[in-house]
Every structure is written in structure tokens, then in C-alpha cells.
Amino acid sequence: MTLTQVLDIVRTDIAQSLVLFSPELALVVTILLILFVRLFQREGTYLARHLALLGTVISLGLAAYLFNRTSLSAETPEIFGGMLVVDGFTHFFRMLLAAFGVFMVWLCAITAVPSARDASDFFPLLLGATLGMMLMTSSIHLLMIFMAVEMASLPSYGLAGFLKEDRRAGEASLKYVVFGAGASGIMLYGMSLLAGRFGTAHLPTLARELAGAVQSTGGFVLDPIVVAGVLLILVGIGFKIAAVPFHFWCPDVFQGASAEVAGFLSVASKAAALALLARFSLTLAYPLFAADSTAITGALGLTLGLLAAVTATYGNLAAYAQTNLKRLLAFSTIAHAGYMMMPIAAAIGAQSESLYRPAVDAVLFYLAVYLFMNLGAFGVVALIRNAIGSEDLRDYVGLIHRNAPLTVAMAVFMLSLTGIPPLAGFVAKFRIFAVLYDTGFLWLLVIGLINTVFSLFYYVKVLRVMIVDQPEVERPGWQLAPLAMAFNAVLVLANLAPLAPGVWPALQAVTQSAVSWLHLPY
Amino acid sequence: MTEAIPLQAVLIVSAAMFVCGALCMATKRNAVGILMGVELVLNASNLNFVAFAQYTPFGLDGQMFALFGIVMPAAEAAIALAIILNFYNNHLTVDVDRANELKL
């Protein structure tokens, strides 16, 4: 490509690209604004928080506007010359992450973490990580995937160690950065093998070349370079998802980091990593269906399925023994990542394109629900920590007598995480299991059901301690601030949404239109 | 001059670098030592990228990849060193085996 050609592409492409990129741009502008404003501040104020709230709300608005405007149009979804793709899938995740950003700023406001002094350091990191996660969901170029993963990770390392004087936070961030840097290095090496082998880093082109290469060799003859490349990239993504066996950082980081940051990593980071896994593996596998190379997609689906089953089972079994609430929720997060990997594995292994979109639909739906139940649980942990100064299950005894609304909210989140009808978590889980049934992955379905029963034990254990167990000494109760009350009320109502007419079909319509416009290479 | 060295030779060197880096990450107990292992792995992939850029149609893409592969880990190293320094301030050591307070 000559320089003139490149300039031509830039000239014609850039205006439209920037419009479609505007939710991310809103975050970029907010970050710069916060950093700029702090130059003129003498004392710490909460100005940074207000700016962060404004930025995330604008970003959410722009993402929703673009989703409504373009979801049915025939605009080419690839922007910036094939670096990013803006399809329904991207739109959905941008809305999800921006909405989550709004909730995060709200949670930070009610728990007063970070303090006014640190707010202008904390929020640029938070928004920067969110920006990186948005890019993770939209990249279709290996270089862009690497940049996006790094952009999401680097601020996360900082956020994990944000409480500088805390020994445990220091340890958590050390573990996170050491393992994270290793995982990203391994991923980059995998990319160098894969991209070099096919002479392109553009994922759809690469997938087509792969299908062509498989077809020309006629069957299950694969280059060891390609296998190594794909597996090493999956190691990097698996680390971000915290899939077993790359999960070991997750409990330590969650326990050491503050509950707010743990909630952020648990929801946003996981959502982005799952989106990346879905985008990467589905794009790579799709042309193979056309080439009738189902042996390879079957093997990839089986690998992912086994990984998902082990992840879910390990997370649920290990969670039972935990006494620290954040650590317990970390294992619960690992287990939920396992559930969400199941439909992706099923879609790839199902040998049929018609089940592709319903499977992705189930993942998107689960993530939307997961945001509300998991953030709610971390929010309650943070609020209780502010009141009683402990995150240990033993100190939760008899909380029903001390703060009934918070205990009820926790009960709703915990039961929703288990998947008890009629809460939102049940519907989300049901849809995942329905996809597993349709795709014929019955063994995965059975493992999923057994896991749901396992998970009931530790979620209910928390509730038993909070509600049934009698405290030895009576301790005083406390009142929630109105803003905290509203935060919990919104999340509880969201978890009760299946009972309300109209809300549920609306969410279904959004995820359906998001997957109906999924950009796949033909 | 480039004909003298086949692509395979460069790939073998980079694979050796990758293995050294991975071993270094797995066995070193000093946090800075682990970071050096990470750098070896990253530079192995950069070597791959420039080699593919030279010998295959991957071309300019590979060189761009290598450039970003140099810049991005520099940012990562900056954060990692800051965190290691903070860990040292709290624990007076950079031995990762001493990072063992977060447990059940």
C-alpha cells in the first residue's frame, strides 16, 4: 500500500469513523479534562467525581443513540481501516460498560472511596480502564486487541494497589501486575506466530486464510505454528477472564483491592474479556464452518467447553470454604465466568451456524443481568465495610438486626446469583442452559446444573450467617444514607425485573438486535 | 545479506528467547527478575514480527506491530516498577514468595 492510498483511506474513512467512535471519545475527553482541572486545584474536591459521572453519562447516551441509529443500517461496520468494528455486539458492550461506569461512580460517591484527595487520580484510571475494555469488545485486528488488553490492564493494576499504605493492597497489585505482564507477553508471542504465518493481523482476513489453508490440506492437518499461536492467545484472554488454570491471581487481587475496585474488575473486566473471547473465537471459527472443517471447530469447542466446565466447578467448590466476603465473591466470579463461557463453547462446537447468534444472545443477556447482581453484592460488601470495618463473614452475624434493608438487598443479590426463580439470575441462567440443550451439549448442561446446586450452598451460607445466626453480643444498628438506599433499591429492582411487565422483553429485544447484527467474516 | 539467514533460523532464536523468558518468569523469586523474563518474552515476539515483516507479505504491519510491542511494554514496566517499589515500601523486600498474606 502506498502512502497516497493510505491517505485516501484516512480521508474518506475518518469522518464516519470518528462519529461511530464518539462514546470512546467522550471518555477520552473526560480523562483529559479531569487531569487538566486538577492542575488548578489546590485542595482536593469531588470535582473529579462529578466530571467522571458526566463523562460516563454522555458516553452512555452517545452509545445508546448510535445503537438506535445504526442497528439496521447497511453502513460498513469496520472503522479506522479495519482496526475496529462497530456492529451490534460492540454497541451492546459499549452501552453495558458505560452504564456500569455510571453505577461505579455512583457507588464510589456513596462509599467515599476514593477520598477527595485521591479522586483525581482514581477516576482517570477507572475511565481509562473502561475505555480499554470498550476497545477490547470492538477490536478485530490483533494489534488493536493487544493494545486494548494492555489499556484495560494497566489502569487495573494501579486501581488494585490504590490504597498505597495497605500491605494487602500492595501485595494484590504486585501479584496482578506480575502475572498480568507475563500473560500479555505470552499473548503477544502467540499473535506474532499467528499473524506472521498468514501475513495479516486483520482477524476476518486471517480467519478466511485459515479456512483456505485447512481446505487446501483437506481436513485435520494443522500447522503447529497456528495451533501454538491460537493457544497462546487464548492463554492471554483466559487470564483476563480468570478461567482455570489462569485464575490464581483473581482471589488474591479481589481480597487485597478495595471492594469497589473488586466489583469493577469482577464485572467490567470480565465482560470485556468474555466479549473478546467470543469475538476472537467466533470470528476464527466462522469461515471454518463454510469450509466444512467441523473437526477443527469441534476440537476448539470441546477445549473451550472443558475449560468452562472446570472453571465453573472449581470456582463453586473453592468458594464454599471462604470466610472473607471479597474472596468468596472472587470465586463466585470465576464460577460465573465458567457459565458464560459455556454458550460460546457450544456455539463453536455445535457444527451449525444457526445456533451461533442465539448462543451469543444468551451470553450478552447473562452479562447484562450479571452487572446488576454482582455489582449489588460488592456494593453491599463495601457499605457494610464502611459501617463495621470488616469484610469477614464472622462479623456478619446478625446483620438483619442491625441493618435490615441492606440484608434484604444482599439476600436478593445472592439468590439472584444462585439462579433462584423469579429473580433475574434465574432467567439468565435458564437461557444459557437452553442454548446448551439446543446445541446438544448435554454433558455441559449437566455440569452447569450440578454447579448451580453447589453454588446454592455458599450463597445461602452467607445469608444464614446474616439472618439466622444469633450474635453473642448485641451491636448497634446504623442507617443508610439516602443515596446508598437508592443505589441498592435500583439494583434490587433490576434483579426483580422478570416480575415487571415490559422490562424483560425490552432487554431481550436489545440483545437480539445486537446479535442480529454481528459482524462475521464470510 | 538477508538470504544468508533463513526465516527459520530467526524463528528458532526467538523461540529459544521465549522459552528462556518463560522459564525466568516461572523460576525467579525476585519481582524485578520476573519482569526481566517478561521482557525476554516480549522481545521474542518483536523479533518474530520484524522477521516476518522482512521475509513474508506481512510487511509494514509487522514493523508497526514491533514498534507498539516496544512502546506498550515500556508503559507496563513503568507501572510494574512503581507497584514493586510500593510493595518494597510496605514489606522491605521484592521477593514474591513473601507476598503470602492474602490467603484463606
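The legends below describe close-up views of a predicted model. Residues are numbered from 1 along each chain as its sequence is written, and chains are lettered from A, and ligands numbered from 1, in the order in which they are written. Because the model is predicted, local features need pLDDT of at least 70 and side-chain atom pairs count only at pLDDT 80 or more, while totals for chains, interfaces and linings use all residues.

**View 1. Chain B as a whole.**
Chain B has three helices and zero strands, in the order α-α-α along the sequence. Helices (H or I, at least four residues) and strands (E, at least two) are DSSP runs, numbered from the N terminus. The radius of gyration of chain B is 17 Å, well over the 13 Å that the globule rule gives for 104 residues, so chain B is more spread out than a compact globule. That radius is taken over C-alpha atoms, and the globule rule is 2.2 Å times the number of residues to the power 0.38. The C-alpha trace spans about 55 × 25 × 25 Å along its principal axes. Of the 104 residues in chain B, 38% are buried. A residue is buried if 20 or more other C-beta atoms lie within 10 Å of its own, exposed if 12 or fewer, and partly exposed in between, with C-beta atoms placed from the backbone.

**View 2. Where chain B touches chain A.**
The contact takes 38 residues from chain B and 35 residues from chain A. Two residues are in contact if their C-beta atoms, placed from the backbone, lie within 7 Å. On the side of chain B that touches chain A, the elements giving two or more residues are α1 (7-27), α2 (31-55) and α3 (60-91) of chain B. The most come from α3(B), with 17 residues. By class, this side of chain B has 27 nonpolar, eight polar and three charged residues. Here Ala, Val, Leu, Ile, Met, Phe, Trp, Tyr, Cys and Pro count as nonpolar, Asp, Glu, Lys and Arg as charged, and the others, Gly among them, as polar.

At 1.5 Å a residue, the 21 residues of α1(B) should span 30 Å, and its end C-alpha atoms are 30 Å apart, which agrees. The expected span is 1.5 Å times one less than the number of residues. Buried in α1(B) are B:Leu11, B:Ser14, B:Met17, B:Phe18, B:Gly21 and B:Met25. Seen down the helix axis, the buried residues fall within an arc of 120°, so they line one face of α1(B). The arc is that of the directions from the helix axis to the C-beta atoms. The face turned away from the buried side carries exposed residues, including B:Gln8, B:Ile12 and B:Leu23. What covers the buried residues of α1(B) includes α7 (167-198) of chain A together with α2 of chain B.

**View 3. The largest nonpolar core.**
A nonpolar core is a set of buried Ala, Val, Leu, Ile, Met, Phe, Trp, Tyr and Cys residues joined through C-beta atoms within 7 Å. The largest has 235 residues, and A:Val363 and A:Leu367 have the most contacts inside it. Helix α14 (residues 356-388) of chain A gives the largest share of this core, 23 residues. Leaving aside neighbours within four places in sequence, A:Leu367 is in contact with A:Leu96, A:Ala271, A:Leu274 and A:Met340.

**View 4. A:Ala183 in helix α7 of chain A.**
A:Ala183 lies in helix α7 of chain A. This residue is buried, with 23 other C-beta atoms within 10 Å. Leaving aside neighbours within four places in sequence, A:Ala183 is in contact with A:Val235, A:Gly236, A:Phe239 and A:Phe246.

Most residues other than glycine have a negative phi, and most peptide bonds are trans. A:Ala242 is not a glycine, yet has a positive phi of about 65°. A:Ala242 is in the loop between α9 and α10 of chain A and counts as buried, with 27 C-beta neighbours inside 10 Å. A:Pro245 is in the loop between α9 (224-241) and α10 (249-256) of chain A, and a cis peptide bond with omega about 10° joins A:Val244 and A:Pro245. The peptide bond from A:Pro421 to A:Pro422 is also cis, with omega near 5°. In chain B, phi of B:Leu92 is near 60°, a positive value. B:Leu92 lies in the segment after α3 of chain B and counts as exposed, with 8 C-beta neighbours inside 10 Å.
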